[in-house]
Amino acid sequence: MGGSQLKRLKATLQAHGLTGQTNVKKPKGKRPSKEYDREERAQVLSKIREQFNPFDIKVNRNKVQILTGDGSKVAVGKPGISKQIGEEQRKVAYEAKKAQRNRSGAVIDRRFGERNKNLTPEEIMLERFKREKLTQSRKVKRSLFNLDDEHDEDDNFGALTHFGEALPDDFEVENIDEGGFLAAKGGSSDNFDSEPPRKRSKAEVMQEIISKSKYYKHERQKAQEKLTNEIEDLDEEFDDIMSELRVAPKPGKLSLNEKPSQEIEYDIKVKQLGLDKRAAPTDRTKTEEELNGEREQMRKKLEEDRLHRMHGIYETSENDQGVEDLSNDFWAGSDVEEGEYGEFVNGIADSDDDVKLEDDDQDPEGSEEVSSHKIKHINPLPCPQTHDQLLELLGDNLLEEHPRVIKSVIRAYQPKLAEGNKERLGNFSGIILRHILFLAANDYSSNFEVVEKVQNSLISILKVMSEKYNEALSEVCREIITEIQGRFKTRQYYGLSPSDLVFFSLVGFLFSTSDHYHLVVTPCNILLGELLEQIKLNSYEKIIFGAIIANIAMTYQRFAKRYIPELTYFLLKSLSSLYPNIKVDSTEWLNFKLDSYELGLSNDGNLQDLKPTLSLRYLFITEYDKSTLSSLLLNILSTLDRSISLLWKELPAFPEIILRFKTLLIHYLEVYPNTKLLQQLLDKIERLLKLQEHHPLVLQDHKPASIPSYTPKFEENFNPERKSYDPDRSRNEINKMKAQLKKERKFTMKEIRKDTRFEARQRIDEQRKGAEEYKAKMARIVNTINTEEGAEKNKYEREKKLRSGKR
Amino acid sequence: MLSVDEIKRQCKLIVSGNGKKQYNLLVRLLPVFNEVSFTKDDVDNEGELRHLTISLSQVFNKLFERGHLQVSKCNNEKEKEFVEWCRKLYGIFKNKLLGCMSSIPFENSLAMDCLDVYMKMIEQESVHFASSDDVPFFPNKTLKKLVNTLFCYEYPGDIMIRTGESTNYLWLYFVDEYYKKYVDVQFYTQAELVNAFPEAPCIAAKWLSLCNHDNHYDNESADLEVFVPNPPGAMENESKFKSNFEYNWLYVLNLPSLTEAQYKTILLILHKRITPHFQNPTKLMDFLTDAYNVEKGVTPILALNGLFDLMKRYNLEYPNFYTKLYQLLTPDLMHVKYRSRFFRLMDLFLSSTHLSANLVASFIKKLARLSLDAPPSAVVSVIPFAYNLLKRHPSCMIMLHDPEFIRNPFGTKEENDQLALRKAQYQDPFDNEQLNPELTNAIDSSLWELQTMTAHYHPNVATLAKILSQPFQKLSYNMEDFLDWSYDSLLAAEASRKMKILPSLEFEQFDSLFGGYIESVKW
């Protein structure tokens with residue numbers, strides 16, 4: 001479009017139909033409303049104005065347009081207009097501020113009845129509550145400007161006040177009366193039935209309901225108060241009344257006495273019948289097969305548990321304690337209950353906690369004795385809490401009597417009999433263990449048959465006790481282990497005694513030795529290993545000791561089949577030491593140092609007819625005859641035999657382990673060519689070696705580990721305008737917030753600066769205005785003075801002229 | 001025997017009297033020492049003798065003070081004669097003291113008192129016997145006499161059998177109270193011993209207890225004092241001390257009477273307490289090489305430490321070192337006390353990555369073989385050791401994992417047959433008796449022994465052994481964590497455990513303990 005600005009404007013206006021002929025006839029009926037017309041015109045005009053004033057609009061050049069390929073979004077600002085708007089707003093604010101300058105405001109207290117002395121606080125509160133409710137209900141329902149509302153006058157803001165007091169309203173008097181005299185109105189309202197009832201407004205209804213509920217509540221409170229007062233009074237007097245009542249004769253007795261004796265008997269019988277135990281079906285006697293089946297199942301479960309423990313899987317849940325099979329309250333201290341009924345010793349049934357000794361019946365004398373004690377409620381037998389006390393108790397009793405005495409102690413202290421018995425017996429089980437060891441520690445060669453019998457019965461008692469008092473017994477075992485270790489550490493072999501062997505055997509006898517980890521057995525294993533490795537084999541006595549330990553250690557592993565290197569060491573060493581005519585230099589095939597080369601057996605010994613049994617008694621003597629030594633050798637060989645077939649044959653290193661034994665056995669066979677055992681052993685080894693698969697290990701046959709790959713992540717909907725793709729959500733939020741804060745801060749600073757600038761400008765304007773006014777005023781005054789002066793002067797001149805003219 | 005009062009009176013006369021006439025009393029007092037006699041474990045008249053010793057020491061102190069023992073202060077012939085006489089008396093006194101010390105064949109405090117008095121005399125001498133006042137002087141001849149006497153003094157049972165050191169109370173008293181504390185005593189003792197060791201059977205034992213400490217003359221941290229008030233400057237000569245010390249040590253090391261226990265003790269302290277004080281430690285080379293070449297026993301193991309020290313610092317070359325080291329892996333190794341010491345050194349020697357795979361494999365295989373009859377503490381150090389070696393020498397991994405023997409579940413029948421054939425034909429080529437680690441063929445063998453340890457009776461050892469079948473992801477195990485275990489520490493760890501789960505019981509019933517449960521054993 002060419003031409004000047006004005007020409008273009010004219011053309012545009014014409015194009016929009018804003019100039020030119022305005023009174024063009026338009027088709028009737030299709031005329032749009034005038035209002036709309038005007039608005040549209042204004043819009044069009046403003047558009048045209050914008051178009052013709054290019055400086056009003058500021059367009060940001062889009063620098064990233066090329067990248068995005070999207071030119072539609074361009075920031076457009078109208079600095080002029082926004083500036084003007086800001087200016088206007090500031091002006092308003094400034095004006096308001098200026099108007100408020102040098103003025104002090106005051107808050108008008110419009111609260112109802114605040115300073116009215118005639119109203120009681122309750123009344124004021126009631127009234128306030130009412131009003132508040134009203135305003136709230138109104139706020140919800142009506143708009144502020146609805147003029148149709150008839151109760152506008154109730155509005156607090158619209159209420160007339162005088163000095164902060166609500167003016168008494170003629171229309172309201174009735175309402176107030178209603179609240180106060182509701183009871184009276186209730187009666188009178190019926191009287192107005194004839195009259196057409198005025199339709200009450202919602203507010204009135206509400207008010208009425210509220211005041212009614214208030215009234216009833218008040219009434220209820222009053223009644224309640226009265227009641228509590230009465231109860232309190234009664235409470236206070238209760239003691240007096242009761243004392244009087246007690247003093248008063250009982251009339252009830254008389255009436256009871258009046259009953260005939262028959263009735264009384266009848267009553268008693270009825271009561272007794274009620275107390276009688278109902279007949280209940282007894283458990284069916286199980287058949288032999290069922291019992292066997294149960295036993296089998298139980299055994300299976302125990303085996304399974306043992307396997308689990310062997311592989312180090314422990315189940316700690318309450319009902320899966322495996323072998324112990326304890327009732328839940330076993331450790332929970334159910335003694336309290338038992339103590340309560342402790343008096344009824346005779347009548348009490350067998351409980352789960354009872355220690356049931358196998359041969360209870362075999363000992364009628366003892367049990368009678370004990371039962372008679374029970375009736376007398378006295379325990380003449382003290383429960384020994386230390387081993388010394390037990391020895392004291394046993395006193396002069398013969399050795400044979402020991403199990404009987406111990407059994408009677410256990411019976412006298414059954415847990416059901418008295419509180420604390422459980423702890424006592426737990427302790428006592430440890431003492432039985434110590435007693436067994438004590439008996440084994442002394443030389444009993446003279447009467448070993450008796451000792452054997454006594455020990456066996458004591459051990460069976462201990463086995464039974466161990467099922468109940470496992471924890472106490474384990475603690476004692478652990479103590480003994482530490483003791484043995486200490487003795488061995490200070491005095492080597494000479495600190496040990498045969499009783500230690502009995503202890504180790506007992507541990508295996510009582511505890512499950514196949515567990516992966518066991519609190520008692522694992523330390524025992526270590527100690528056994530230590531003894532096997534560190535006892536210097538320089539006397540037959542020590543070799544016998546070691547041979548028995550080897551037996552025990554092997555028996556420990558009969559189920560788990562774990563490998564004991566020390567056992568291998570001991571067997572090698574002892575067999576080498578016992579090799580007939582062993583010498584320091586004649587042992588190229590031996591290649592390790594022995595503790596003694598003096599112990600070789602004579603090669604004429606007969607190994608054929610002997611049993612490989614060793615006896616603990618041998619440890620009390622130091623001189624051994626040939627047959628004993630031969631049986632020692634046989635014992636070690638049988639241990640080797642059993643180790644091979646029990647423990648070693650499945651180990652991957654079986655050929656390596658057996659290698660040295662093989663050479664040893666071949667040498668032995670040279671000396672004892674007629675011994676079957678040796679030949680059998682060698683044959684067995686050959687057979688097992690053939691069976692064994694011995695090929696290189698493939699231990700590292702793992703699934704190949706994948707190489708971690710870090711490919712860049714593909715961002716869908718990538719937007720270069722987005723500031724960050726931070727995956728951390730909270731950090732992202734924080735950054736956003738920070739940016740916002742910065743922006744706001746900048747903006748506020750800008751605003752404040754603008755404000756101050758504006759104010760300064762305004763002030764200068766005012767000053768200038770004032771100065772101008774002053775100047776104008778002064779000019780006016782000067783002017784008037786001048787005119788007056790001029791007039792006077794003229795007057796004077798004229799006068800002068802006149803006077804001079806007259807002259 | 002004179003009574004205490006008598007001794008007191010006579011001594012007082014000598015000390016208080018101005019004249020020299022009273023000195024004649026000394027002639028009567030001194031021979032009293034000859035009367036030392038003892039019944040079993042007790043010296044007769046011990047109190048009197050002690051009193052006499054102390055009193056006489058005071059008397060001679062007085063004499064020193066008066067200058068009656070100094071020839072240099074004499075003016076004329078007569079005085080000189082008198083001083084000579086006094087000195088003769090003094091010499092007799094010293095001899096009597098030494099005689100008293102060496103004549104008691106059991107532990108007795110009188111001898112210790114004598115020793116104290118004698119040392120006091122040395123102090124006095126250093127002041128008064130100098131050529132003139134304030135000239136530094138140390139009475140080394142007097143000290144030498146004492147040391148000689150002490151070296152020769154012995155009584156039955158004064159040598160500790162285990163270490164071969166002397167436990168002679170008097171000797172220990174001298175060492176603890178004088179030798180270890182005073183720098184000049186050390187210097188002159190060593191100087192006087194050079195080429196002058198007395199002929200006595202227990203020299204080595206005494207020498208060991210003299211030198212087995214950390215408070216030597218030339219130790220930086222040693223807290224030493226000077227015994228005499230004015231010692232000669234020659235004493236400052238450190239290299240002199242070192243060469244004396246070295247000379248004496250070499251003399252002792254060459255003694256034919258050294259017992260095995262003493263050998264052990266020497267080797268144990270060698271690298272810490274001997275070589276640092278030597279002028280020329282390479283002189284120990286022969287000794288160490290000989291010890292290392294001993295065929296059996298722990299001696300070579302102990303010598304290894306000193307040898308390593310020499311190799312590291314003094315560039316000693318030892319031919320076929322690794323062969324010899326391999327030969328040290330004997331069945332006894334796992335059962336000796338010095339196992340952890342040996343393992344530390346072996347770890348050091350085998351830490352090079354430039355060793356041949358054959359050699360490393362031989363070491364691993366041999367250790368594994370030895371662990372078959374080893375205590376758990378040894379097994380516990382063998383397993384991580386083997387792990388570290390395998391990790392360092394991946395070519396040895398074939399001992400744990402031979403890919404040729406993996407069964408392929410998807411393989412053809414032919415392949416499976418081949419594998420079976422390979423398995424059937426396999427023979428362990430490891431030669432356990434071979435002494436040269438390069439020729440054992442261990443690399444073609446496999447570590448069945450270590451796999452066996454997964455069935456070890458100790459749960460922790462068994463778990464540790466499983467690391468060999470797990471992926472080798474750990475760079476290396478810190479050997480220090482595994483070396484110092486023992487039965488005691490294992491048991492202590494067990495004893496400290498709290499009872500959380502109730503120990504499980506044996507559910508099987510046996511007829512009797514012995515015969516039933518434990519077979520082949522009777523009561």
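Residues 316-352 of chain A stay under 50 in pLDDT. For that stretch, the model has 52 contacts beyond four places in sequence. This is a predicted model, with an ipTM of 0.70 and a pTM of 0.59. About 7,700 Å² is buried between chain A and chain B.

**Confidence**

- Where pLDDT is low, the coordinates should not be read in detail.
- Chain A has a mean pLDDT of 75. Of its residues, 76% reach 70 or more.
- Chain B averages a pLDDT of 78. In chain B, 91% of the residues score at least 70.

**Interface between chain A and chain B**

- Chain A puts 97 residues into the contact, and chain B puts in 70 residues.
- Carbon and sulfur atoms give 63% of the buried area of about 7,700 Å².
- Between the two chains, 16 residue pairs are in polar contact, counting pairs with both residues at pLDDT 80 or more.
- Helix α20 of chain A, residues 521-534, supplies the largest share of the chain A side, with nine residues.
- By class, the chain A side that touches chain B holds 43 nonpolar, 30 polar and 24 charged residues.

**Salt bridges across the interface**

- Side chains of opposite charge can pair when their charged atoms come close.
- Three salt bridges are counted between chain A and chain B.
- A salt bridge joins R660(A) to D373(B), with N to O at 2.8 Å.

**Strand pairing across the interface**

- Strand β5 of chain A, residues 614-615, is joined by two bridges to strand β3 of chain B, residues 521-522.
- The two strands run parallel.
- Within this pairing, S615(A) has K522(B) in β3(B) as its bridge partner.

**Salt bridges in the whole structure**

- Over all chains, the search finds 24 salt bridges.
- One of the pairs lies within chain A: R761(A) meets E87(A) in a salt bridge, 2.5 Å from N to O.
- That pair links distant parts of the chain, 674 residues apart. R761(A) sits in helix α26, residues 729-806, and E87(A) sits in helix α4, residues 79-100.

How values were computed:
Residues are numbered from 1 along each chain as its sequence is written. Chains are lettered from A and ligands numbered from 1 in the order in which they are written. Side-chain values use heavy atoms; hydrogens and water are left out. pLDDT is the predictor's confidence in each residue, from 0 to 100. Contact means heavy atoms within 4.5 Å. Buried area is the accessible area (1.4 Å probe) that two parts lose on being put together, summed over both. A salt bridge is a side-chain nitrogen of Lys or Arg within 4 Å of a carboxyl oxygen of Asp or Glu. A polar contact is a pair of N or O atoms within 3.5 Å; within protein, one must be able to donate a hydrogen and the other to accept it, and residues adjacent in sequence count only if both atoms are side-chain atoms. Helices (H or I, at least four residues) and strands (E, at least two) are DSSP runs, numbered from the N terminus. Ala, Val, Leu, Ile, Met, Phe, Trp, Tyr, Cys and Pro count as nonpolar, Asp, Glu, Lys and Arg as charged, and the others, Gly among them, as polar. Two strands pair if DSSP finds at least two bridges between them.
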